[in-house]
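Me: Could you take me through the nonpolar core of this protein and what is tied to it? I would enjoy one connected answer.

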Amino acid sequence: MVMIGNALGGSVQLKAHCKSKDDDLGVRVLGPGQEFHFKFWTSFFTTTVFYCSFEWPGSGGLHWYDVYDDDRDFWGGKNYRWVIKPFAICKFNVPTKEYDRCMTWKEHHM
C-alpha cells in the first residue's frame with residue numbers, strides 16, 4: 001500500500017496525480033492534513049513503478065517522484081508512507097516514527 005499525505009501547512013491544497021505504465025489513478029486534491037491510499041500487486045517477473053506528480057499554489061510548477069519502484073522497494077516491506085512538504089517528499093522512517101527521510105524532486109519523468 002502507498003499513502004500520500006499533504007503536509008504543506010496552512011490552508012494549502014495539494015494536487016496529486018499518480019500512475020504507472022498500466023494504471024492511471026487520476027488527479028486527487030488533498031486539503032491540509034488529508035491523505036489518500038492505493039494498493040497494487042507486484043509481479044516477480046515484471047517491474048512496477050508508480051510515480052506521482054504534485055502541484056500546489058506557490059510551488060513553482062509541477063514536481064514528481066517515484067513513490068514505488070520495484071528495483072528500489074520490492075524487498076522493503078509492504079507499506080510506503082509519504083508526505084509532501086514545501087521543500088521535498090518525505091518517507092516515513094519506522095525506527096524514528098517520523099517523516100524524516102526526505103528526497104528532492106525528480107527533474108522530469110521518462
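Reply: In the largest nonpolar core, which has 21 residues, the members touching the most other members are Val2, Ile4, Phe54, Val67, Trp82, Ile84 and Ile89. A nonpolar core here is a set of buried Ala, Val, Leu, Ile, Met, Phe, Trp, Tyr and Cys residues joined through side-chain atoms within 4.5 Å. Buried means under 20% relative accessible area, exposed over 50%, and partly exposed in between (1.4 Å probe, protein chains only). Two or more residues come to this core from each of strand E1 (2-6), strand E2 (14-19), E4, strand E5 (49-55), strand E6 (63-69) and E7. Strands (E, at least two residues) are DSSP runs numbered from the N terminus. A second, separate core of five residues includes Met3, Val83, Cys90 and Tyr99.

Please keep in mind that this is a predicted model, where local features need pLDDT of at least 70 and side-chain atom pairs count only at pLDDT 80 or more, while totals for chains, interfaces and linings use all residues. Residues are numbered from 1 along each chain as its sequence is written, and side-chain values use heavy atoms, with hydrogens and water left out.

Now to isoleucine 89. Leaving aside neighbours within four places in sequence, isoleucine 89 is in contact (heavy atoms within 4.5 Å) with Phe54, Tyr65, Val67, Trp82, Val83, Ile84, Arg101, Cys102, Met103 and Trp105.

Strand E7 (residues 80-84) and strand E8 (residues 89-93) run antiparallel and are joined by three bridges; two strands pair if DSSP finds at least two bridges between them. Valine 83 stands opposite cysteine 90 in E8. Both strands belong to an open sheet of five strands with mixed pairing, in the order E4-E1-E7-E8-E9. At its edges are E4 and strand E9 (98-103), each pairing on one side only.

Finally, the structure holds two disulfides, a disulfide being a pair of cysteine sulfur atoms within 2.5 Å. One joins cysteine 18 to cysteine 52, with 2.0 Å from S to S. Cysteine 18 lies in strand E2 and cysteine 52 in strand E5, so this pair ties together parts that are 34 residues apart in sequence. Both cysteine 18 and cysteine 52 are buried. Cysteine 90 and cysteine 102 form a disulfide as well, their sulfur atoms 2.0 Å apart. That pair links cysteine 90 in strand E8 with cysteine 102 in strand E9, 12 residues apart. Cysteine 90 is buried, at 0% relative accessible area, whereas cysteine 102 is partly exposed, at 34%.

Note on methods
Helices (H or I, at least four residues) and strands (E, at least two) are DSSP runs, numbered from the N terminus.
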